[in-house]
There are 2 protein chains.
Amino acid sequence: MKRYLLTPGPTMISPEVQLEMAKPIIHHRAPEFIPLMEEVRENLKWLFGSKNEVLIFASSGTGAMDGAVTNTLCKGDKALVVDGGKFGERWANICKAYGVSAKVIKVEWGKSVNPSEVAKALEEDRDIKAVLIQASETSTGVVHPVKEIADIVKNYENTILIVDGITAVGVYPLPMDEWGIDVLITGSQKALMLPPGLAFAGVSDKAWKFVEKSDLPKFYFDFKKELKNIKDNQTAYTPAVSLIIGLAQVLREMKKEGLENIYKRHQRLADATREAMKAIGLKLFAPDSPSNAVTSVYSPEGIEAGKIIKYCRDKLGVTITGGQDQAKGKIFRIAHLGYYDRFDIIIAISAIEFALKALNYSFELGAGVKKALEILAE
Amino acid sequence: MKRYLLTPGPTMISPEVQLEMAKPIIHHRAPEFIPLMEEVRENLKWLFGSKNEVLIFASSGTGAMDGAVTNTLCKGDKALVVDGGKFGERWANICKAYGVSAKVIKVEWGKSVNPSEVAKALEEDRDIKAVLIQASETSTGVVHPVKEIADIVKNYENTILIVDGITAVGVYPLPMDEWGIDVLITGSQKALMLPPGLAFAGVSDKAWKFVEKSDLPKFYFDFKKELKNIKDNQTAYTPAVSLIIGLAQVLREMKKEGLENIYKRHQRLADATREAMKAIGLKLFAPDSPSNAVTSVYSPEGIEAGKIIKYCRDKLGVTITGGQDQAKGKIFRIAHLGYYDRFDIIIAISAIEFALKALNYSFELGAGVKKALEILAE
């Protein structure tokens, strides 16, 4: 059975990148590593929309989230956490682990935060040092209004905006410098179309001032140490060399496609997925502010979402994902980020139609794919 | 742009086979080659439905066609050639090259031969030594009635049946011994899901008697020499080692799937393709006897087939093929043989719908894919 990986990370990897990573390994403290890092540094700045260095860690994305807190804040600091899903919760958990006091804005799962709530919280408590948010909340398929929130945080000299862009960077625009994002994080296994194992953190000038004052304990995720190293085209500790080789190739391919085209492609694939699901009578979990990285869909009445996922995986070879925690069993999630084209969407929708048909859901077989074709035709 | 190879050879290669072939190369006159060849020999017999050895050549399929003529016939012999397409023509050309007198049954492109014509020709000329035919005429997408013809040839002690099964072996049943096929040929880059470079010839007891008497010149494609060698788990000349390593893996996977399931899968994919094309108002080129390897479809009135093919390739990354010679510009061909599942069919049909839409053909976008989904749902 052929296998199709249509999850929000790991995402699919292009053959060119796979072959690049399969080449003989090189040593990172050797001359051949230098031009590779020079290229990667420049292209990461391009991707993040920042004049500043983007730090690279051998870790999952969560590592860079951890570092974003420990490098910018101090013991007892207050942080405002937007929690609208599993990854919002994670911000609060990281704060707790390091003695940062998290003021949480709870957002109903499937909804995005109202920027006015952030404005209000900041106005009410001038001691808040950081706003922590997801650009795209992967667990619910929601996009939060980062630009609007950046516009608010900008007015507070003593507050920075820390954005988890793990399923957002490379999916839709998050230009750090232009918008005023202070720390922007992503991981390798999402829109960067690599295996898991690399995390990235872009850091603004404003955030670097926070780093200078930060007194939280850190060692592996030490931003200052990494900044010093990356300027010498190195990382402080052993980098995941083959992933960095792959990253160089990925960034070349992304530059060739162009950011605008990449964002448009994601928009189109997301549109097709959402409309296809509606065409077969399903309800979107995040209809008002859907992320272009992943579409969350309510399973039909009487059909546990796990059954759809299991059928797709076991009978069709198609891996999609379900809901987590409170959304478990209720939703399934179709990813459309990274190395993904219109035919992948058609496969995903076909698979769901096959599964729903087998599970006796009453609908017009083919109606979803037909709708997708209409949107995906030139 | 992602690339989708949906042609009748080379066909797609499974990742497992690609990885197998990427392992360090081994030497063919060394002990580790022996168990590999033992396994391959047994599994080729299983695939060909023959108790006899299946010979392996480092060549394209045409090499084994060449050898089938030069090893079984004598100078001045008469052969009956069924010519219903480009590959039928090739049989006649090979005969001509070696001084074999070819009596040709011309079959209209898109049609299959009527077995009674073969019966009549053999009855009229008892000197015919061989009937040369395609099981599947790739250029037109037609299947010829090999079983019926084998039943006829069986009655002639001095005539053998030589079958080009290049796009047929592994697509639908051609059990050599059971049906009485005397020479059966295939190549690696079709249902065997390997890169091009290997050809195969199964040879019946009756055909081996012809080999004993044959006086046509041959060297590289010497069946007797190869038979001697293969019994020692070798080939006479250097084998395409990495392809044989891949072949071993392919045959393992085919045994796991089972011949009956493989044939059923091809039938289903072919059915879906044909019905989808009809659902968008297109006419099949070979409606009466379509091959399960490839579906040939008339391009709509006023649209040159090359435009559809070019659009699919350049705009969508999907490679399908056109017609050859007299069918050039008139038809396009969608392959569905080898490492091919239902989603590949859906991709092919979607691509053609996208192309037809862009070329202003008037039809209901999505109708083809909808029909395919109905057929491909469990």
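Predicted model: local features only at pLDDT ≥ 70, side-chain atom pairs only at ≥ 80, totals over all residues.

Q: OK. In what order do the seven strands of the open sheet in chain A run?
A: The order is β2-β10-β9-β8-β5-β3-β4, and the pairing is mixed.

Q: Which strands stand at the edges?
A: β2 (54–58) and β4 (101–106) of chain A. Each has a single partner strand, so one side of each is left without a neighbour in the sheet.

Q: And the twist from one strand to the next? What does it average?
A: It averages 20°.

Q: Take β9 and β10 of chain A. In which sense do they pair, parallel or antiparallel?
A: Antiparallel, over five bridges. β9 covers residues 183–187 and β10 covers 198–203.

Q: Which strands does helix α5 of chain A lie across?
A: β3 (78–83), β4 and β5 (128–134) of chain A. Helix α5 spans residues 115–124 and runs at about 150° to β4(A).

Q: What about α9 in chain A, where does that lie?
A: Helix α9 (residues 223–230) lies across β2 and β10 of chain A. Its angle to β2(A) is about 105°.

Q: Now the core. Which residues of the largest nonpolar core touch the most other members?
A: A:Val163, A:Ile185, B:Val163 and B:Ile185, in a core of 244 residues. In soluble globular proteins, nonpolar side chains tend to be buried together.

Q: What is A:Ile185 in contact with, leaving aside neighbours within four places in sequence?
A: Its contacts include A:Ala64, A:Met65 and A:Ala68. A:Val163, A:Ile166 and A:Phe200 are also among them.

Q: Switching to β3 in chain B. How many of its six residues are buried?
A: Five, so strand β3 (residues 78–83) is largely enclosed by the rest of the structure. Six bridges join β3(B) to β4 (residues 101–106) of chain B, and the two run parallel. B:Val81 stands opposite B:Val104 in β4(B).

Q: There's an open sheet of three strands in chain A too. What's its order?
A: β11-β14-β13, with antiparallel pairing. β11 (294–298) and β13 (321–322) of chain A stand at the edges. Five bridges join β11(A) to β14 (residues 331–335) of chain A. In one of these pairs, A:Tyr298 has A:Ile331 of β14(A) as its bridge partner.

Q: Which helix packs on that sheet, touching β11 and β14?
A: Helix α11 (residues 259–279) of chain A, with its direction at about 10° to that of β11(A). Helix α12 (residues 305–316) of chain A packs on the sheet as well, touching β13 and β14.

Q: On to the chain contact. How many residues of chain B are in contact with chain A?
A: 20 residues of chain B, against 20 of chain A. α13(B) gives the most on the chain B side, with eight residues. That side divides into ten nonpolar, two polar and eight charged residues.

Q: Why do you say the copies meet through the same surface?
A: Because 100% of the interface residues of chain B are also interface residues in chain A.

Technical notes:
Residues numbered from 1 in each chain as written. Chains lettered and ligands numbered in written order. Pairing = 2+ DSSP bridges. Helix = DSSP H or I, 4+ residues; strand = E, 2+ residues; numbered from the N terminus. Axes fitted to C-alpha atoms, helices over the stretch in contact; angles between N-to-C directions. Contact = placed C-beta atoms within 7 Å. Nonpolar A, V, L, I, M, F, W, Y, C, P; charged D, E, K, R; others polar. Core = buried A, V, L, I, M, F, W, Y, C linked by C-beta atoms within 7 Å. Buried ≥ 20, exposed ≤ 12 C-beta atoms within 10 Å, placed from the backbone.
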